[in-house]
Amino acid sequence: MRIVKLRSSIAAQLVLAMLGVTLLLILLTTAIQLHLNYSHEMNLMQRRIQDIEQSYLPAIANSVWLTDYETLEAQVMGIQRLPEICYVEVEVEGRKMAAVGDRPPEADEALIRTFPLSYRYREKNIALGTLTLYGDLQAIHRRLLGDVWWVLASRLFVIVVISAVLFFLYYGLVGRHLRAMAAYLRSFDQGRMETPLTLAARMPARKEEMNELDQVVHSFNEMRQNLKRTFDSLHQVNVELMRENRERVKAEAALRESEQRYSLLMDTIPEVFWMVSADFRKVLYISPAYEAVWGRSCESLLAEPRSWFEAVVTEDQGPLVAVIDTLVKGEALAEQVEFPEYRVERPDGSRRWIKAKAVPLRDETGAVWGFAGICEDISSRKETEGKLRQAQKMEAIGTLAGGIAHDFNNILAAILGYADLLRCDIEPADPRRGNVEQIIQAGNRAKALVQQILAFSRKSEAQRRPVMLAPIVKEALKLLRASIPTTIEITPHIGDSEGTVLADPIQIHQVVINLCTNASHAMEERGGTLAVVLEAVELATAEAAALRGSPGRYLRLAVSDTGCGMDEATRQRIFDPYFTTKEFGKGSGMGLAVVHGIVQSCGGMIRVESGVGKGTTFEVFFPAVELPAEREIGTMAASAGGRERILLVDDEPAIIDTARQWLVRLGYSVIAVTNSVEALTLFRANPQAFDLLVTDQTMPHLSGSELAKQALALRPELPVLLCTGYSSVITEEKAKAIGIRGYAQKPLHGSELGQLIRQLLDEQARARR
Amino acid sequence: MARLLWCMLWLMLQPLPLCAQSAPPLVLNTYAGPPFSTADQQGYYDQILREAFRRLGVPVVIGQLPAERSLLNANSGIDDGDFVRIAGLEKRYPNLVMVPEKIDDFEFVAFTRRLNLETARWSALAPYHVAIVRGWKILEENLAGVWQLSAVDNQEQLFTLLQRDRVDAVVYSRREGHALLWRLGITDGVTLEPPLAVRPMYLYLNKKHQALAVPLAAILKRMKADGTVAAIGRRTLTLFLPAEAPGAHR
């Protein structure tokens, strides 16, 4: 284990690497040095031979010339003693004249050089022989080899010593500190971040004096601190990320829920949601509502994408194609495109109105890859719009009629007032009396017609309050009995305490009159039975839904006749205004429309059952309320006169004249004024001079209510009767708030006026007591 | 008549040397020094040979070389001849041809300043340090057994050794030895008698001049006969060898 550690240590690796590299370098440098030395030795030998040539050759030649062979021998021996020369030979005329050395070496053992020996004699060079030198290559080899071994051994020794020293130096200076650092780093974790890394050696305080290891330790400790800060930050981030992850999980759950809601929405919304490709040739998605609107399956559309368009009514296809073309060509890529409304024909032949919108679907680059949109079945709205237009038309007519009715009421008031006065002045046996009564009858019909117009146009104010239906129905039937032919039998089935409803009694009265009048008309030719039933019923959910109402307790008013009945087409239109099956002049076409309007305004429902020749039954359901009925206006008492002083104000001279005549005939002292400002001046002059103020509402300069207000300011206990024909300014409630005790709608019969005045005066008298 | 014929024959042979008139002169070398051969070619042997070759009609130049070199040059053909040599050298130097008429007789004697031998013989010199001139074959052969034998390049070196007592005795020719003793001022130098050997000395030519050997021998003989040699001896040797009778032969 220890060996493995030693071998794996950097010091050992460093030393081994250095030894390896150094050994290679030594071998290389030694080889180079050997080569250089060899070259040097060879050069030396060459130079030596050159020196011999230059210095010895002439002398040797001279010795040979002089045949001084002793000298020659000495010279040759001298040459042979030179370090590089191992053998010397002088040959003269083919004979070996001198040879020094152990033996002549082989060619590969020596560098052999042969020089000619010549002597200058009598202007000629005389060739005497040759000098052959044998350079001792083996000696060079031996010497160099000896040098190599020595150099190698010495260098190896030095390297080994240096390596050992380096090893121990490295271990002492670096290795042991690195081991300490490794041990620290092995145990380094998040929990030890507070403990700094320290080495056995003392670390200088100044950074400039630190060695590399100190700098590493210093830097590591800085990094440790940074790491700790980073860990802390990461911990914070991690906490944040976990929180965000929880939120993301929640968001995903919310998204899934949203997708479920979306899916549920897509499956349940009546609008058709669709997605198509950019060329409109492929349907990518279609919501189930398609089946309800188009009457065709979604699968059939996905299989045949044009089938939705083929269902479009032919005359509506053109504008639709134009818009689709612009979308496909990319010419109209607004954020939202509305298609022209079109109709589709369902397989059963019925048609639906469709309103469609689309938005382009874009990818990241903004390129359009498809379109999504909705198709809304606006058939009901179309129908409602038709009705709305009709209603608006009716409202316009009503406004017109209301304006006319106001003036017409004044005219009627004058006609009826004077006719009433005339009838009173004519004896019953007088044949002219019949004519006058015809005038009054025609005036009453005109008055009723005006009331109908005002009621329909809702210009007459409905004043709903808890009322009991039974007395109103009974009174209406009592009135009807006089006008219905005797061939028609009326069979009422009316309980006395069938509960109360929230309604305007006058309107209820009108409903009964209209329904019964219609029934009587249906039986006019052959007679029959008019059955009127008033009862309390409890409508269950299913029955209420069939009537488009809510379940609960209702008061059911049923009016049945045994007349001619009506077909389905007629039945569909009976509530349309001005729809009538009667001959011209007998019906206005407003009766059932008014009934329908009144019932709806009360929150009630109507059911009609009829068949041709089977008679007709109208059932009207009024929501019952648990409130006590308010006191009903009592039956009009017979006209009673008096002696009180009455200030009568109206800007219509004819009306004020008839009313004055009636009141004078009843015994009252009447001052009639057609100018309200003048009347106020008169009253201010002496407020105590009058016991009652009767005033019209609509007058120039000073309205009736304002006149009453100022008069009451002077004399608060003064009874005031406000008469109004058509007015959007003052209602009975507002009038009472001012302090006006009497409120009546024009036109008033003279007797009606007399009764109201007497009632107010009597109440005043009772109050005084 | 015979002389006439001989002359005619000689004349017939003339074209060769005549034709060689324009050729370079023959070079003859000798180890002998003054007064026998001098640098200005006025020595005793110089004048004899120049006269002989003059009579032959062949120009010669005479030079001085060490004894062995002189032989080698003549044998190898570097030069044309070598003179004052004993007979029989052609056996060792096969390219040499001896002119069969001696130029001089050499008495080989031992010169000494210290030794006093009663009878001089080769063997009597055996215990001594003896010096000779290199290339003298007769000396080299007979003195090979002495205690120490030194060979020098020339006679000046030889007698200088004697003068400086480096050797016990030097062996050389009598007349030249005396001339050197005189010239070097060695007054105490004496010869050991009798001579160790007496040898006739000849001129050797390279083989290429073989044809000249016989005519030259004849001319030399005539020169001895007509007193030319003696006259030359008187002119050249009297100063150096006063004891010697001019032109005397021993």
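I take a cavity to be a set of points, on a 1 Å grid over the protein atoms alone, where a 1.4 Å probe fits but cannot get out; lining residues have an atom within 4 Å of a point. I join grid points across faces, edges and corners, and a volume is the space filled by probe spheres set on the points.

I note that the model is predicted, with local features needing pLDDT of at least 70 and side-chain atom pairs pLDDT 80 or more, while totals for chains, interfaces and linings use all residues. I number residues from 1 along each chain as its sequence is written, and chains are lettered from A in the order in which they are written.

I searched the whole structure and found five cavities of 30 Å³ or more.

Entry on the second largest cavity. I recorded a volume of about 170 Å³. Its lining has 16 residues, and A:Trp274, A:Val276, A:Trp308, A:Tyr342 and A:Cys375 lie nearest the centre. I list β5 (272-277), β6 (283-286), α6 (289-294) and α9 (314-328) of chain A as giving two or more residues each; helices (H or I, at least four residues) and strands (E, at least two) are DSSP runs, numbered from the N terminus. β5(A) has the largest share, three residues. By class I found 16 nonpolar, no polar and no charged residues, with Ala, Val, Leu, Ile, Met, Phe, Trp, Tyr, Cys and Pro counted as nonpolar, Asp, Glu, Lys and Arg as charged, and the others, Gly among them, as polar.

Entry on the largest cavity. I recorded about 210 Å³. Among its 19 lining residues, A:Ile655, A:Ala659, A:Lys746, A:Leu748 and A:Leu753 lie nearest the centre. The largest share, five residues, comes from α17(A). I counted 11 nonpolar, five polar and three charged residues in this lining.

Definitions and conventions:
Heavy atoms only, no water. 1 Å grid on protein atoms, 1.4 Å probe; cavity = no way out; pocket = protein on both sides within 12 Å on 5 of 7 lines; lining within 4 Å.
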